[in-house]
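Open the model in your viewer and keep the selection tool handy. We will stop at a few places along the chain and look at what is there.

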Amino acid sequence: KSNTVTVIDLLSFRPVRTLQVGNDPTGVAANPKRNEVYVVNSGSSNVSVIDAEQNKVVATIGVYGRPFFIDVSPDGHRAYVANSGSDNVSVIDLDRRTVAATLHVGGSPGLARVSPDGATVVVTNRADNSVSIIDAARLVVRSAINICIHPEDIAILPDSSKAFISCSGSGQVASVALRNTTQKENELQNDKLLALLDVGKSPVSLTLKPDGGELAAFNFDAGSISII
């Protein structure tokens, strides 16, 4: 409501600075390779770049309508923003601080999640009850898969072989196999839906154990957690 980001010193647990960003800031992500933080401003349809050493906004990058979240590739060179109001994903070149590509996906995309190997981006399309899967090397949408009602959060296994998607409208979690882009052409398997797992009512958030062995789905309207 104040269109700001507060910087907190984690040694003293005190706020040290308040930074003015865009309108209605929502998603925040840190670059894993350099000291930058990215803030998605849903109301002004742009991304604020914060220098985390100087604690100041150093750039603003325009995207499209109503973005909410941002995810950064493991190599720190790209960010992906799903624009829920314009049915597309902005691919940001973080070195140049420009939009490198804009990819059309399904209706009302909520989240674009990068796989741990950086090769694949999974996008939840809330209005279409589907996921779009982006080839990060070629910057094209390679698959669109119908899953369950109102997909929300995404968790991807450490080996980048599967994605799990929570569907708040149907009380399910979808398991989707992801194509291994390092395989030979004649050995490639298509992205495909593997299973729909019934969990509690309104699963909205997913948390994966670091080893990828178990997944927790938080069922908002059931007051419960499902372990997969």
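Is the disulfide of Cys148 and Cys167 right-handed or left-handed? Its torsion about the S-S bond is about 70°, so the disulfide is right-handed.

A word on the ground rules: this is a predicted model, where local features need pLDDT of at least 70, side-chain atom pairs count only at pLDDT 80 or more, and totals for chains, interfaces and linings use all residues. Residues are numbered from 1 along each chain as its sequence is written, and side-chain values use heavy atoms, leaving out hydrogens and water.

Now select Cys148 and Cys167, whose sulfurs lie 2.1 Å apart. The structure holds 1 disulfide (a pair of cysteine sulfur atoms within 2.5 Å). Cys148 sits in the loop between β14 (140-146) and β15, while Cys167 belongs to strand β16, 19 residues apart. Strands here are DSSP runs (E, at least two residues), numbered from the N terminus. Cys148 counts as buried at 3% relative accessibility, and Cys167 is buried too, at 0%; buried means under 20% relative accessible area with a 1.4 Å probe, protein chains only.

Next, select Ile147. Setting aside residues up to four places away in sequence, Ile147 touches Cys167 and Ile165, among others including Val131, Val176 and Leu193; contact means heavy atoms within 4.5 Å.

Finally, widen the view to the largest nonpolar core, which has 15 residues. Such a core is a set of buried Ala, Val, Leu, Ile, Met, Phe, Trp, Tyr and Cys residues joined through side-chain atoms within 4.5 Å. Ile147 is among those with the most contacts inside it, as are Val122 and Leu178.

Technical notes: Buried < 20%, exposed > 50% of the residue type's maximum accessible area, 1.4 Å probe, protein only. Helix = DSSP H or I, 4+ residues; strand = E, 2+ residues; numbered from the N terminus.
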